[in-house]
4 protein chains.
Amino acid sequence: MQLTDIYTRGKAYFENKEIGKLLDYVETGFVATNDRRILDRFTFRQRCIDAGKADTATRVLGVDLATPVIMSSMTMPIPAIADGGLMQVAAGLKAAGSLMWTGTPIPANLDELVATGVPVAANVKPLKDRTKMYAEIERILSDGVAWLGLEVDAAVGTKIADREMGFECEPLSVAEIEQIKNNTAIPLICKGVLSREDALKCADAGVDAIVVSSHGGHTLDYLPHPLQVMDEIIHCLEGRLPVFVDGGFRRGSDVLKGLAFGAALVGLGRPILYGLAADGKDGVAALVEGITRELSRLMTMVGAPRPDAVMRGTLISD
Amino acid sequence: MQLTDIYTRGKAYFENKEIGKLLDYVETGFVATNDRRILDRFTFRQRCIDAGKADTATRVLGVDLATPVIMSSMTMPIPAIADGGLMQVAAGLKAAGSLMWTGTPIPANLDELVATGVPVAANVKPLKDRTKMYAEIERILSDGVAWLGLEVDAAVGTKIADREMGFECEPLSVAEIEQIKNNTAIPLICKGVLSREDALKCADAGVDAIVVSSHGGHTLDYLPHPLQVMDEIIHCLEGRLPVFVDGGFRRGSDVLKGLAFGAALVGLGRPILYGLAADGKDGVAALVEGITRELSRLMTMVGAPRPDAVMRGTLISD
Amino acid sequence: MQLTDIYTRGKAYFENKEIGKLLDYVETGFVATNDRRILDRFTFRQRCIDAGKADTATRVLGVDLATPVIMSSMTMPIPAIADGGLMQVAAGLKAAGSLMWTGTPIPANLDELVATGVPVAANVKPLKDRTKMYAEIERILSDGVAWLGLEVDAAVGTKIADREMGFECEPLSVAEIEQIKNNTAIPLICKGVLSREDALKCADAGVDAIVVSSHGGHTLDYLPHPLQVMDEIIHCLEGRLPVFVDGGFRRGSDVLKGLAFGAALVGLGRPILYGLAADGKDGVAALVEGITRELSRLMTMVGAPRPDAVMRGTLISD
Amino acid sequence: MQLTDIYTRGKAYFENKEIGKLLDYVETGFVATNDRRILDRFTFRQRCIDAGKADTATRVLGVDLATPVIMSSMTMPIPAIADGGLMQVAAGLKAAGSLMWTGTPIPANLDELVATGVPVAANVKPLKDRTKMYAEIERILSDGVAWLGLEVDAAVGTKIADREMGFECEPLSVAEIEQIKNNTAIPLICKGVLSREDALKCADAGVDAIVVSSHGGHTLDYLPHPLQVMDEIIHCLEGRLPVFVDGGFRRGSDVLKGLAFGAALVGLGRPILYGLAADGKDGVAALVEGITRELSRLMTMVGAPRPDAVMRGTLISD
């Protein structure tokens with residue numbers, strides 16, 4: 001199935017369904033419009049003479065992937081879309097050589113997902129009840145995931161349209177993040193960084209990577225697109241840790257822009273849901289493979305043999 | 001009732017009603033389009049690590065408020081919307097810990113509004129018949145309001161669509177403003193400042209605060225959005241007096257932008273009417289509380305514990 | 001009749017009429033879109049404290065006018081709109097204290113128009129047959145007009161949509177313009193200047209004024225809006241001669257922008273036709289008076305007592 | 001037939017036809033939107049006083065043309081539009097004094113096209129099977145074309161919407177381009193340059209001209225409009241070789257922009273198809289002649305007597 005078909009069928013699935021409301025953006029929906037506006041601002045400086053064929057494979061924090069295109073952390077609507085939805089997503093991502101990233105709630109069958117062989121990351125929220133939060137972390141670690149994610153940007157909970165979601169959260173301090181890091185053997189990744197200040201705090205706390213993200217438009221309205229703050233973040237970090245990004249990425253061309261800004265990995269949220277809704281595990285695989293194929297053609301044509309070789313200067317903006 | 005519902009119901013109420021025409025913007029309606037365009041230009045630099053919970057309470061010119069979100073000066077269409085409309089607005093604003101600001105005509109029951117316990121401000125227009133203007137001021141003062149407002153921007157009257165309104169006004173001089181100030185025991189606030197020149201004249205005349213405002217799009221077409229001139233005004237005033245702002249603010253995210261530009265209070269005009277039309281005094285309270293709740297979440301997430309702690313640098317513009 | 005009504009009725013008149021095609025813009029119609037886009041780019045810095053009441057009256061090249069709002073040169077569709085259309089336009093403009101400016105063809109009853117008492121300007125085209133052109137000039141002068149206009153921008157003829165109009169024209173040289181000037185006792189005005197080079201040539205040829213204009217979108221596609229080149233033109237002329245402007249001006253707010261850029265007069269083309277179509281000579285008068293009334297309110301509120309006192313800094317652009 | 005008619009009829013021909021899908025743009029279709037957006041960014045600084053009549057004739061790489069407007073390389077959909085479609089295009093272009101440029105597949109009757117007397121250029125793709133590529137080159141040369149074109153930008157094949165086209169291609173090296181040049185007696189032109197790096201490589205390889213092009217939106221999504229990179233390319237080449245351009249050019253005004261940026265020739269792709277579909281060879285001739293006529297009027301009015309005399313400063317951008 002081709003990408004346009006996946007998006008068309010996937011979106012049609014959610015239309016006029018109660019479950020479709022879970023994909024709505026916070027408050028006015030500005031984030032969705034702005035995501036596309038910012039991504040559309042950039043075009044590519046082609047450099048195809050003397051180019052070699054690009055390879056999209058990459059190794060990040062000890063994990064080998066066939067593509068820098070991964071899943072953004074998410075759990076909730078997946079089981080409702082298809083029987084064994086999470087397992088299907090795992091299978092699709094594995095087939096595509098990608099990574100699975102779960103969100104809230106932490107899947108009951110997290111160990112089974114890990115057992116499929118797909119690399120798995122799992123997030124926790126900064127619950128006010130820190131005891132409960134630490135228990136969740138311990139449970140995630142015991143399930144054998146590759147990375148642990150911390151949603152620093154869920155500090156006042158999440159929100160869909162006008163509806164605040166019932167998570168009792170509160171902001172994390174640098175000291176708390178450092179403590180979690182010191183008690184975690186696997187890589188710790190903070191998700192939801194949108195400023196140099198928070199990025200530096202993460203680096204100082206010793207986290208292994210950050211995700212520059214506006215949380216899929218499910219926390220605060222009028223958050224910038226991650227690419228609006230990537231330059232300041234990449235610059236201030238001076239290469240101390242890898243940076244991932246997500247937010248409205250839909251095609252290989254979008255992913256190339258994320259890489260050009262310095263992202264090591266680019267996450268997909270709703271597209272994974274569309275893939276699953278359109279064709280189960282095959283739809284998920286087709287989605288990631290289709291985007292990766294587009295990315296591969298583009299990488300070759302801008303003279304970037306590897307994901308980390310896409311230069312900032314590849315982007316034309318005006 | 002949630003904000004989207006309030007706006008939907010409130011706007012529906014005015015549709016195809018004669019009274020709805022009172023909400024039309026002057027001449028071509030450019031002001032409304034531009035208000036949204038300018039507000040949509042800004043997104044937020046999130047700083048949520050180490051953040052403390054924000055408190056929206058504020059004290060301005062001796063008045064304690066639970067929120068920096070107040071009513072913009074207005075009288076006219078309110079009594080026509082609901083029985084005892086002004087009293088309902090007063091009750092709603094009081095419940096939300098906000099401030100009521102009346103306009104033209106000066107309410108006959110201004111003393112009753114004051115008696116509800118909500119802080120009340122009341123405006124006068126710069127009537128050509130200065131004797132009448134001074135009589136109006138005296139009457140307002142005798143009713144026990146908290147602040148007196150002077151509509152310097154109604155100097156050639158008001159206008160809705162192509163229709164000029166029948167007020168006989170003419171521009172105020174600095175000397176006149178100074179005289180009014182010297183004869184007024186309570187704070188005097190000039191409304192409708194849109195340039196550094198007028199802002200400095202207000203400061204020199206000794207007024208206690210100004211409202212940067214385009215008068216709800218009811219005076220002149222092609223006035224800028226207040227945020228287009230806030231920087232020059234805040235800068236030239238050097239903190240000599242507090243600055244309020246209104247013009248197209250609809251959600252907590254809009255209010256945060258006003259605060260980031262240096263406003264001490266942010267006024268709502270049409271939204272108050274929508275709240276009243278949607279659900280009476282409860283609708284007014286729900287509106288202000290809903291916006292304040294959004295603001296509170298945002299303040300926490302940008303690291304601003306109090307309304308006056310929102311930094312200009314919180315805004316990303318491009 | 002109010003402005004919105006005049007525009008609504010006037011446009012309705014031309015809809016689906018053969019004559020309506022004469023109002024179409026050249027080729028793709030880009031000029032119309034761009035005219036509005038540029039005019040919409042500017043808002044006003046209000047300065048209303050200490051403001052005196054503005055007077056729109058002005059005296060330009062020996063002609064006294066009640067308003068800087070005049071007619072743009074035009075003849076063709078007017079007689080087809082109403083019986084005695086040109087005389088009605090003359091009467092309407094006279095009532096409004098404005099100026100009439102005829103175009104192609106030179107009206108047979110030009111002397112009658114002059115006899116109404118309205119100040120009249122009349123244009124000639126740069127006909128290849130210069131003998132014929134000089135004959136036309138002589139005839140215009142003998143009819144007693146106030147000013148003679150020269151359409152330098154009709155040098156390759158005019159064009160409506162895809163249709164070139166049958167005028168045999170060719171570019172004028174500076175020497176020719178100078179010669180015409182030397183043989184003309186009344187003020188000579190070159191219309192259709194859009195660059196500093198042409199402006200300086202006009203000044204060097206001794207012409208008395210220029211009109212910065214894109215010819216109502218009836219010559220070349222993708223001409224800029226006059227305000228896009230006004231700054232360079234005003235600056236290079238160093239005040240040697242007055243500059244007029246036209247192009248998409250519709251309301252008093254548009255006119256104020258022309259004045260702020262340094263125009264002494266602002267021309268209206270299609271709006272005059274709409275006024276005539278909507279209500280004959282009364283419609284023409286109501287149009288100019290309505291726009292002038294809007295202008296007057298604005299001038300007062302930006303602190304400009306006279307048309308030539310509107311400052312460039314009144315405009316906010318971003 | 002006028003240009004608007006040609007475009008209207010031509011587009012109608014392809015609507016809802018299977019063949020119409022061949023005109024679709026790659027992936028999201030962003031290229032088409034961006035092409036128009038960039039072309040619409042520029043307007044013209046008119047300089048018509050002292051102007052002489054412009055002549056659009058030009059001589060490029062030994063070929064005399066009546067117009068700088070030529071056909072962009074293309075073969076595929078032409079034979080399906082009309083009987084003897086390629087011969088009709090040749091006849092139409094010859095009548096207009098233009099140049100024919102064939103693409104993929106290389107026409108079986110290339111020699112017949114040459115025999116019509118129209119100057120013909122023909123492209124080869126960078127086939128992985130270089131032996132086959134060299135055979136194709138030899139065959140083209142033996143057919144007597146004026147220029148040989150090399151599609152450097154088809155290095156990962158072409159793509160329409162989501163469908164990759166079955167050409168087995170791979171990037172060319174500078175050494176290969178140099179080798180081809182050394183074995184070709186006629187001018188060699190590289191098509192599909194979009195960066196200074198590739199432009200300089202072409203110059204260093206000794207090619208005779210380049211075409212700055214996004215391949216009609218049939219290779220990669222989010223390629224810039226050629227005018228977004230023309231300045232950097234023209235500047236870096238320092239006049240070492242002529243530069244052609246194509247990409248969304250539709251009218252004489254678009255062509256003038258190409259010339260102002262320094263292009264020696266401007267190519268038309270889809271418009272040729274529309275001309276053929278609208279009226280066979282006469283439609284092709286009418287299209288090129290109509291655009292050339294528009295160009296001629298514009299050149300006169302901006303003071304450019306020849307195509308290579310259009311100055312960069314003619315363009316106003318903001």
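Predicted model: local features only at pLDDT ≥ 70, side-chain atom pairs only at ≥ 80, totals over all residues.
Leaving aside its neighbours within four places in sequence, which residues is I210(B) in contact with?

Let me begin with the arrangement of the chains. Chain B is superposed on chain A by a rotation of 90 degrees, with 0.0 Å of shift along the axis and an RMSD of 0.0 Å. The two copies are therefore related as by a four-fold rotation axis. Within chain B, D318(B) has the C-alpha nearest that axis, at 8.0 Å from it.

Some pairs of chains do not meet. Chain A and chain C have no contact, and their closest C-alpha atoms are 16 Å apart. Chain B and chain D likewise do not touch, with 16 Å between their nearest C-alpha atoms.

I return now to the opening question. Beyond those sequence neighbours, I210(B) contacts I189(B), C190(B), V193(B), A199(B), C202(B), I233(B), L237(B), L241(B), P242(B), V243(B) and F244(B). The largest nonpolar core has 401 residues, and I210(B) is one of the four that touch the most other members, together with I210(A), I210(C) and I210(D).

Finally, I turn to the largest pocket, whose volume is about 810 Å³. It is lined by 20 residues, of which D318(A), R37(C), R37(D), R41(D) and D318(D) are the closest to its centre. Helix α2 (30-39) of chain C and α2 (30-39) of chain D are the elements that each give two or more residues to this lining. By class, the lining comprises 14 charged, 4 polar and 2 nonpolar residues.

Definitions and conventions. Residues numbered from 1 in each chain as written. Chains lettered and ligands numbered in written order. Heavy atoms only, no water. Least-squares fit on C-alpha atoms with pLDDT ≥ 70 in both. Core = buried A, V, L, I, M, F, W, Y, C linked by side-chain atoms within 4.5 Å. Buried < 20%, exposed > 50% of the residue type's maximum accessible area, 1.4 Å probe, protein only. Contact = heavy atoms within 4.5 Å. 1 Å grid on protein atoms, 1.4 Å probe; cavity = no way out; pocket = protein on both sides within 12 Å on 5 of 7 lines; lining within 4 Å. Points joined across faces, edges and corners; volume = space filled by probe spheres on them. Helix = DSSP H or I, 4+ residues; strand = E, 2+ residues; numbered from the N terminus. Nonpolar A, V, L, I, M, F, W, Y, C, P; charged D, E, K, R; others polar.
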